[in-house]
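Dear colleague,

Please find below the structure I am handing over to you, with its sequence.

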Amino acid sequence: MRNKTSSFRFVFLLVLILALAAFPNSASANHSWGKYHWARTSNPFTLKVGDNVGSAWDSYLNEAISDWSQSTVLDLTKVTGSTSGSTCAPTSGRIEACNAAYGTTGWLGIAQIWTTRGAHIAQATTKVNDTYFNQAQYNTPAWRRLVMCQEIAHDFGLDHQDENFNNPNLGTCMDYTSDPDGPPSNEHPNQHDYDQLVSIYSHTDRFTTIGAALKDAPPGFANADMHAQENWGSKLRDSASGRSALYVRDFGNGYKIFTFVIWAE
Amino acid sequence: MKPGLLSILLLVFAYILSACGQNSISGPSKEPFVVEDQASLLAALQSEGATVETAETTTQDFFSVKGQIVRVNGTDIQVFEFENAEAMENDASQVAPDGGSIGTSMVTWMDAPHFYQAGKLIVLYLGNDQSLRDLLNKVLGPQFAGQ
């Protein structure tokens with residue numbers, strides 16, 4: 001009986017040790033934002049960030065781009081912005097980074113994504129709110145660095161690591177805090193963030209949403225001449241009255257042009 | 001039954017009746033405000049002794065209506081009044097349980113977010129003033145999202 005108990009204890013301990021080795025809690029990054037990610041066909045990939053920020057924000061945007069480009073799966077590159085700070089309209093296939101006094105909204109920064117075909121990010125914006133950054137409390141390098149770093153990262157699918165403002169800093173810009181420069185400092189990403197990016201982007205997709213989306217479309221798709229009826233493709237249906245019809249021209253890989261026509265009497 | 005014991009029982013019975021009578025004749029209890037819209041919210045807050053003033057409006061990209069900033073005992077809350085409860089529910093359903101994201105918007109709040117809903121209202125409070133949270137809990141019910 002005693003031998004049986006000892007054997008049971010040994011097996012239990014062995015299973016416990018193996019379980020701890022298989023699921024080390026400290027290394028398991030798990031702060032993806034849902035399943036959102038940019039679709040792409042290979043890694044690493046380069047994402048453009050449109051610069052619509054003023055001079056007070058330039059260095060922080062540059063730092064965020066540099067920090068996140070340390071990732072093994074992702075590179076960011078700054079390009080001329082195609083919108084204004086106050087409007088901050090999105091551009092297909094990339095991130096637009098903006099600053100303006102957006103009002104007393106309660107947020108220091110906000111990241112917005114637009115998705116297509118499920119959880120694939122097609123375009124994204126980052127806004128930092130000068131209504132607050134013009135105030136002494138937030139007008140510090142540490143606050144600016146944290147918020148810019150965090151918003152840009154939301155735009156490629158990272159969530160917060162922690163949302164308690166009052167616990168010790170985790171040493172990442174993906175951690176809510178009341179004291180961004182710590183120590184430890186919450187002004188830059190940490191290894192968990194990079195690990196999470198590897199996890200999010202470990203797979204590849206059959207299509208891409210990065211860059212000018214139409215660039216990767218099949219030949220003839222972007223500049224198809226759809227004026228001539230012979231280019232409309234096959235007819236899907238006629239209306240009961242015969243006054244209208246729907247045609248589809250299928251370019252493959254999900255790229256289709258639908259033509260809905262209403263015939264003149 | 002002995003007359004003495006009967007007298008005691010009658011006295012106890014009379015006391016119980018008088019005690020019940022006192023409850024029933026006390027003044028009418030304060031009718032709780034049913035919060036349906038911004039006007040009834042302000043009335044409910046004032047009925048609880050709060051000082052209330054409306055300030056500027058605010059626009060949140062993630063809500064389909066503009067918000068009104070209301071200063072309650074000197075602290076700002078954001079009040080969003082929708083056309084009806086269904087429209088409110090539609091936007092409220094987009095708020096993540098922790099209040100960190102709304103639909104496809106991820107927010108870096110200035111302070112801990114607390115989202116409440118009642119009638120056709122969503123109310124957002126950012127902060128940790130326990131007395132204000134207690135007040136909002138009382139007039140709006142428990143938060144539906146936040147920290």
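Two residues are taken to be in contact if their C-beta atoms, placed from the backbone, lie within 7 Å. On that basis, among contacts in chain A between residues at least 6 apart in sequence, 64% join residues at least 24 apart. Please bear in mind that this is a predicted model.

Regarding the fold of chain A, 5 helices and 9 strands are present. Their order along the sequence is α-β-β-α-β-β-β-β-α-α-α-β-β-β. Chain A has 265 residues, of which 35% count as buried.

I turn next to the interface between the two chains. There, 22 residues of chain A are in contact with 21 residues of chain B. Two elements of chain A, strand S5 (107-116) and helix H4 (141-154), each supply at least two residues of the side that touches chain B. The most is given by S5(A), with 9 residues. In terms of residue class, this side of chain A comprises 10 nonpolar, 10 polar and 2 charged residues.

S5(A) is joined by 5 bridges to strand S5 of chain B, residues 105-109, and the two strands run antiparallel. One of the residues concerned is Ala111(A), whose bridge partner in S5(B) is Met106(B).

With kind regards

Key
Residues numbered from 1 in each chain as written. Chains lettered and ligands numbered in written order. Predicted model: local features only at pLDDT ≥ 70, side-chain atom pairs only at ≥ 80, totals over all residues. Helix = DSSP H or I, 4+ residues; strand = E, 2+ residues; numbered from the N terminus. Nonpolar A, V, L, I, M, F, W, Y, C, P; charged D, E, K, R; others polar. Pairing = 2+ DSSP bridges. Buried ≥ 20, exposed ≤ 12 C-beta atoms within 10 Å, placed from the backbone.
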